[in-house]
Amino acid sequence: MMLEVSPREACALLVFTAALITAWNANSNGFVWDDRSAVLANDDAQSSSLFEVFSHDFWGTHIRSMHSHKSYRPLTVLSFRLNYLLAKGHSAWLYHCTNALVHAGCSVLLWKVADVLFLQHHRRVETVPIKENPQDSFPVESDSRKSTANVGEWKILVGPLTSGLLFAVHPIHCDAVASIVGRADLLCTSLSLLAFLAYTSGAKKSETSWRFVVMALILTILAGLCKELGFTNFALLMVYDLLRTHRLQNVEMGVQLMQKRLLITAITGIVAALVRVWINGEHRQMEWNILANNVVVQESRLTRMLSYAHLHAWYLWKLVWPRWLCFDYGYNAIPVIESITDPRNVYTLIAYVVVAVGLRSAILQLVGSRKTPPSSLYMMSIAFGVVPFVPASNVIFPVGTVVAERLLYFPSVGFCLLVGCIIDRTFSIIDKHTVPSTLIGSSDTIQSVSSFTQPHNLFGAARFVVLICGTLILAAGCYRSHLRNADWISEQTLFKAAVDVVPTNVKVLSNEAKNLLNSDPKRALDYLRIAIGMIPKHIESQTNAGLAFVTLASRNGLDMDLYLHGIRHLYKSAVLAPNHFQGVGFIGGEIYTHWMKKARLRNDDVTIGEFLGSESIAQATKFLDHSIDRNSVYPTHFYNRGSIAYESGDYDTAIRFFRMTDVANGVIRDRKVDPELLVEASTIYNMLGVSYKKKGETDQALDVLRKGIKLYPEEIDLHINTALILHDVGNTDEARAQIKAGLAAAATRDYIPRLRNSAKLLENAKMTDVVKALLDHAAKLERDCQ
């Protein structure tokens, strides 16, 4: 027996499947960009108390702090915690899979909302006969009437299906779906649509089902606790009721019921908004700088007005043509408009004219005419696009970005509904000018469903053209979404894609340069020169420029000019951010490593007196201590400070900082941030071992080194230092066995220079046979790899 699926069930399944297919490749992504701060580095998403979750902002800072981002989304944070508990840790796949499923569910909810609105519209204008209960038909007419009803039902489902599929595959949603933090938009929109559906069930013409209305209000509050945009749903519920007044103007009881619903909805919304503002504390909103919002800092009111209006045009264009997408539109991605004569104002004017034309059509439909009764479908669709967009428009209050694609997730509901309206209207015109063929001889029997699709004229052929074009557009949207989802797989791919879209964005240039510091420091400097040229006081750009210069200096024989350029940029970053640990920590580390490299180039053994008497080492120590006092979490800062203590003969301090390096390594690994700052764990074990050896604690040294060998058996240095200690205590046979084990692990060409350096080190230990074994093994690797 075949499973019978109704047209509406088929539509819902199709939309869900399309959304899931479109979003599924994002499951391969890791923790990228804001995911690290909101999820990995946020205790609220892991183990803090519920009280802390509801008293902190989205990023884990107390909501009433002046440093808070003021984004209060406790329910989204709790959803992160649920993922964390289910996976017993941070599983990127589970986080992204949850996003994909929520997006698919949200797409189905949008289809259902569209279905409700389009059904009300068609009932109102009576363009298609609708039978709510086909089973009431006479038995002898059941088959033919059922075919007719199915065709009619499919015809009124074209608009909702178009809206649902477009929402499912639209590339503008990738920012929200492919990034874990985008879950705030997904949950907010899903709950808002669910609330709207509940409200439509409760707000009837002749009565009010208060349980559905109350449910809608509760769901709206929950949506607002997922993301602030959710509170705009109160306005959408009121707009829905107000737009239906033309159906109630002659029914006194209906008007009274509507007024009561509007009053309760308005009061609930106002109270919810006041409570939300009260939660922020005395610092009502974040003060944004030029990097986040380069319009809000403009002194000219005309500049702000023209620039914000132009940004609205950008948002509309992103919905219509989502070809160029980027994760950030900070300074100077979209330059401000300072003059009325700026040619970009033409684009702004075009966008507002398009909106005005759409609004005029909606008003005409709402008023109705002699031929067609009034309907609120267009106006409600526009409301879905405009109302949730208001908080992001920078009109009422400034937000922390000029353009953000994820802010369009909820407003795009209105755009998709309007496209559904266009398709629905197109098919209505086609049907009006297409003559169906019927079987002569039976006045009550319609030949078949195919009679509605037989092209009898130009309009009949247009049906297939629209279907083919629509299918191609949806396929293109799915393909573009797949490509964009792949950009979010890592920060390297995300930043590289962003440079192509917004090559004048300071933040994007600095971040991409950071990715290139080791692989291509020259290219990194090209990006950083542009960024610093636009904002000389940009701290991150100054820091990255300093690191790029010292990297080039190291690769060019310790070039002094490049090195001094690097220190100058690092010093600027430290001056610009006196309370930050990054700049001063990097200065201290670079001064120390540069001094040591120059000393080794002289082939001189550095004495403790020379080391302690160096002004450079004294300055390096001062900078590193300053950084650590400012709560540095960078392992390299602790490791360099431990190395200075080791060279100074202060082995207790060295051991303490090397152990702190291991702790800082754990922090970086957990947060998956700045992996280039990690210190090799084997190096830490090695330095701990030799420090204990210098203290005379050989047993402790052997314990640490053996633990390191167990974890990292391929590290030849651990084997050699263990062998040295064993040799010193008289265990020469065990020392040779340890060297033999190390040689077995050294099987690639990369070990050749390390083997030769180790042989030179062991010459002083009078282990001639071991030195010979190391050199012979290096020679063998060199021959094998030729």
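Predicted model: local features only at pLDDT ≥ 70, side-chain atom pairs only at ≥ 80, totals over all residues.
Residues 682-715 are 82% helix and 0% strand, with end C-alpha atoms 7 Å apart; helices (H or I, at least four residues) and strands (E, at least two) are DSSP runs, numbered from the N terminus. Residues are numbered from 1 along each chain as its sequence is written, and side-chain values use heavy atoms, with hydrogens and water left out.

**The chain overall**
- The chain has 32 helices and 0 strands.
- Of its 786 residues, 51% are buried (buried is under 20% relative accessible area, exposed over 50%, partly exposed in between; 1.4 Å probe, protein chains only).
- Its accessible surface is about 38,000 Å², and carbon and sulfur atoms hold 60% of that (Shrake-Rupley method, 1.4 Å probe; for residues, only the protein chains shown count as cover).
- Take the contacts between residues at least 6 apart in sequence: 70% of them join residues at least 24 apart (contact means heavy atoms within 4.5 Å).

**Cores and helix 14**
- The largest nonpolar core has 128 residues, and Leu 117, Phe 327, Met 380 and Phe 384 have the most contacts inside it (a core is a set of buried Ala, Val, Leu, Ile, Met, Phe, Trp, Tyr and Cys residues joined through side-chain atoms within 4.5 Å).
- Another core of 39 residues lies apart from it, with Tyr 639, Ile 684, Met 687 and Leu 743 among its members.
- Beyond its neighbours within four places in sequence, Leu 117 touches Phe 196, Tyr 240, Leu 377, Met 380, Phe 384 and Leu 417.
- Helix 14 (residues 377-386) is mostly covered, with 8 of its 10 residues buried; Leu 377, Met 380 and Phe 384 are among the buried ones.
- Those buried residues pack against helix 5 (92-125), helix 8 (183-202), helix 10 (233-242), helix 13 (345-367) and helix 15 (412-432).

**Transmembrane annotation and a surface patch**
- The unreviewed UniProt entry lists "transmembrane region" at residues 212-240, 260-279, 346-366, 378-400, 407-430 and 458-479.
- Residues 260-279 are 100% helix and 0% strand, with end C-alpha atoms 29 Å apart.
- For residues 212-240, the figures are 79% helix, 0% strand and 15 Å between the end C-alpha atoms.
- Leu 263, Ile 267, Val 271, Val 275 and Trp 278 make a nonpolar surface patch with about 500 Å² of accessible area together.
- Val 271 sits in helix 11 (residues 252-279) and counts as partly exposed because its relative accessibility is 45%.

- Leaving out neighbours within four places in sequence, Ala 168 is in contact with Val 15, Ala 18, Ala 19, Thr 22, His 103 and Ser 107.
- Leu 576 belongs to helix 21 (residues 560-576) and, at 31% relative accessibility, counts as partly exposed.
- Leu 576 and Lys 537 are 39 residues apart in sequence, but their C-alpha atoms are 6.8 Å apart.

**Patch terms**
- Patches are made of residues with over 30% relative accessible area and no salt bridge, with like charges joined within 9 Å and nonpolar side chains (Val, Leu, Ile, Met, Phe, Trp, Tyr) within 5 Å.
- A salt bridge is a side-chain nitrogen of Lys or Arg within 4 Å of a carboxyl oxygen of Asp or Glu.

Terms used
UniProt positions renumbered as here; feature names shortened; annotations may be inferred.
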